[in-house]
Amino acid sequence: MPEMIPLGWFHTILGIAAVLSGFYTIIKYRVITLEQRSGKLYALLTLIVAGTALGIYNQGGFGIAHILAVLTLAALACGVIMEKTHLFGSVSKYFQALGYTSTLLFHMIPAITDFLRPVSYTHLTLPTICSV
């Protein structure tokens, strides 16, 4: 596993803060909007985290994490546009919710995979599981 650079630490710490503020906002208000302070914080942190993800190249070149960052930025932009312009009338609120909650899902994909990466399952073989 490559050594983490300072940008990676910054990205990780803000990513954790974004996930916490996103879940807090959904639990408290049941929807993420820019009308709430925690919703604004979530959107800002998500923007910064996705932007910093584009600057991390520890696996060679442009990879799946960068594609996920671009998707996050697109979903965030979609949520903001739907919230501010009501482009699709009364159904805009559903597209807004889809955009913002998609960003929360996009945060969780690398969070879960990066957490599970160092876990080794080589010690869990079928005979040891069956003998327990």
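Contact here means heavy atoms within 4.5 Å. The structure shown is a predicted model.

**View 1. Packing of helix α2 against helix α4 in the predicted model.** Helix α2 spans residues 37-53 and helix α4 spans residues 92-116. Their axes lie 11 Å apart and form an angle of about 50°. The two helices are therefore oblique to each other, and α2 passes α4 in a left-handed crossing.

**View 2. Residues at the contact of α2 with α4.** From α2, the residues Y42, T46 and V49 take part. They meet Y100, T103, L104 and H107 of α4. By class, the residues of this contact comprise four nonpolar, three polar and no charged.

**View 3. Helix α4 and its buried residues.** Helix α4 has 25 residues. From its first C-alpha to its last it reaches 36 Å, close to the 36 Å expected at 1.5 Å a residue. The buried residues of α4 are S92, Q96, G99, Y100, S102, T103, L104, F106 and H107. What covers these buried residues includes α1 (6-29), α2 and α3.

View 4. Not counting residues up to four places away in sequence, L54 touches F62, H66, A69, V70 and L73. L54 and I67 are 13 residues apart in sequence, with a C-alpha to C-alpha distance of 8.7 Å.

Notes: Residues are numbered from 1 along each chain as its sequence is written. This is a predicted model: local features need pLDDT of at least 70, side-chain atom pairs count only at pLDDT 80 or more; totals for chains, interfaces and linings use all residues. Side-chain values use heavy atoms; hydrogens and water are left out. Axes are lines fitted to C-alpha atoms, for helices over the stretch in contact, and angles run from 0 to 180 degrees between N-to-C directions. Helices (H or I, at least four residues) and strands (E, at least two) are DSSP runs, numbered from the N terminus. Angles under 35 degrees count as roughly parallel, over 145 as roughly antiparallel, 65 to 115 as roughly perpendicular and the rest as oblique. A crossing is left-handed if the near helix is turned anticlockwise from the far one by less than a right angle, and right-handed if clockwise. Ala, Val, Leu, Ile, Met, Phe, Trp, Tyr, Cys and Pro count as nonpolar, Asp, Glu, Lys and Arg as charged, and the others, Gly among them, as polar. The expected span of a helix is 1.5 Å times one less than its number of residues. Buried means under 20% relative accessible area, exposed over 50%, partly exposed in between (1.4 Å probe, protein chains only).
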